[in-house]
There are 2 protein chains.
Amino acid sequence: MILQKTQRRPGPQGGIRDTNRKERLRALGDAALRLFLERGLDPVTIDDITQEAGVAKGSFYRYFDDKAALLESLLRPVRDEVLGALATCARALGKARDAEAMFDAYRALGAVLAGAVLTHAGVVRLYLQENRGAPTGTRQQLATLSDEISRSAILVARKGHTHGLLRKVHPAVSALTVVGAVERLLLAVLRGEEVGNPLEIPQALTSIILEGLRVPATSAR
Amino acid sequence: MILQKTQRRPGPQGGIRDTNRKERLRALGDAALRLFLERGLDPVTIDDITQEAGVAKGSFYRYFDDKAALLESLLRPVRDEVLGALATCARALGKARDAEAMFDAYRALGAVLAGAVLTHAGVVRLYLQENRGAPTGTRQQLATLSDEISRSAILVARKGHTHGLLRKVHPAVSALTVVGAVERLLLAVLRGEEVGNPLEIPQALTSIILEGLRVPATSAR
DNA sequence: AGAAAGTGTGACCACTCAGTCATGATTTTG
DNA sequence: CAAAATCATGACTGAGTGGTCACACTTTCT
């Protein structure tokens, strides 16, 4: 785990210093996120970020080693939440004794992820925009997260498969189909593209996925 | 349409100059594609490309105005093929009189796209990696193509919907679900990720999509 | 209060990169 | 074959860019 550069700083918890630090951290993070979303990771310079945040360049380096460290600080909470939810789902699936319990686990996963999307809309959108790019430099950690998510999703799908819940296709195909569909739709919503009532999408998507992935109840065609 | 910088050059069709030009164009394109895939668009410099291609820097500018122009030359054939196939599919759907004819149109679209993927694997993979990034600078044209594809896909889905072929969800949801799933799976295959036998994927994906999107034949759950 | 520690600032430096251009070599033309 | 046109080359330039640092200022500690 990378050490935060803001550890072991003087002053009391709620003191002036502490408050200032938090404010600057927030300003830098906000500014960077705004610029990353608008222009992409690479073209945004440290000067751009500090100017947008209304802070001197030198101050940036007091808080972060470089652009990647700033991105890491934005990403960590989301990352923890998402990977945690996937792990929880995998655990619940392991314990599930019947199909209904498994559907519950999938539903719970969906709920947690939806919550994470709402509370971290900007970072999620950044992830969606950048995670497939070449895993170089600043973008590496996004690619890594993407990998971890895919692996977890495949694991979760595999459990659904060995329990005879899902269609007989390679688990990676089931998993990546869902991941791909969800990510594309989510990106459309977060970008404000025209997709009808966003609140109906989870419902629509769920039924599409269920009908498409699970073993057909009746033998239709 | 942007004019190719290599128009109106002297020498006979198969002359030495003509041959050299084609060879250099190919070397630059190949080198750039390799580097773009490996490092992403922005971090690759003109110096990188010319060095990888074994060509002097000045020569680059004899053939292309800048990095974006090179990318455009790589992208154009693929772009034309894909958008053409989508347009053809939309036309066929317009003429279709029964459900079977419509499925044929969708199948034909799939076949053409599959062919394009095979003959332009590198460029397609580059598109998949970069198309969702911020539409800035060099990446703009990829974002534009992504837009055009999504719009076409929605158009195609809308026809399937008005003909009562597809589930009652917003056409954008149907379309983006498919686009997202296909793109994610394709990326996995082109990157050599473990997804089982690649040849079985189209079959699996088709049945998943059909079952998921179309109006259920029997009323199952 | 005064000393010590921490913090913000922006000028500055070394380096990178896109794009240019003078030069000499190669090809075409007549 | 010789003049004219085109071409490849790589040194060079000017505009940034990442990262540093001396300095002045603020907060904390004793």
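This is a predicted model: local features need pLDDT of at least 70, side-chain atom pairs count only at pLDDT 80 or more; totals for chains, interfaces and linings use all residues.

What we do get between chain A and chain B is 12 residue pairs in polar contact, with both partners at pLDDT 80 or more.

Which elements of chain A supply that side? Those giving two or more residues are α1 (16-39), α6 (121-130), α8 (171-190) and α9 (201-213). The top contributor is α8(A), with 11 residues. Sorted by class, the side of chain A that touches chain B holds 20 nonpolar, 12 polar and 15 charged residues.

Now the extent. On the contact count, 47 residues of chain A meet 48 residues of chain B. The buried area between the two chains is about 3900 Å², and carbon and sulfur atoms give 60% of that. On the chain A side, A:Arg132, A:Arg184 and A:Ile208 lose the most area to chain B, together 19% of what that side buries.

Last, symmetry. Chain A superposes on chain B by a rotation of 180° with 0.0 Å of shift along the axis, at an RMSD of 0.0 Å. The two copies are therefore related as by a two-fold rotation axis. Both copies use the same surface, since 100% of the contact residues of chain A recur in chain B. Which residue of chain A comes closest to the rotation axis? That is A:Gly212, with its C-alpha at 1.8 Å.

Technical notes: Residues are numbered from 1 along each chain as its sequence is written. Chains are lettered from A and ligands numbered from 1 in the order in which they are written. Side-chain values use heavy atoms; hydrogens and water are left out. Contact means heavy atoms within 4.5 Å. Buried area is the accessible area (1.4 Å probe) that two parts lose on being put together, summed over both. A polar contact is a pair of N or O atoms within 3.5 Å; within protein, one must be able to donate a hydrogen and the other to accept it, and residues adjacent in sequence count only if both atoms are side-chain atoms. Helices (H or I, at least four residues) and strands (E, at least two) are DSSP runs, numbered from the N terminus. Ala, Val, Leu, Ile, Met, Phe, Trp, Tyr, Cys and Pro count as nonpolar, Asp, Glu, Lys and Arg as charged, and the others, Gly among them, as polar. Copies are superposed by least squares on the C-alpha atoms of residues with pLDDT of at least 70 in both.
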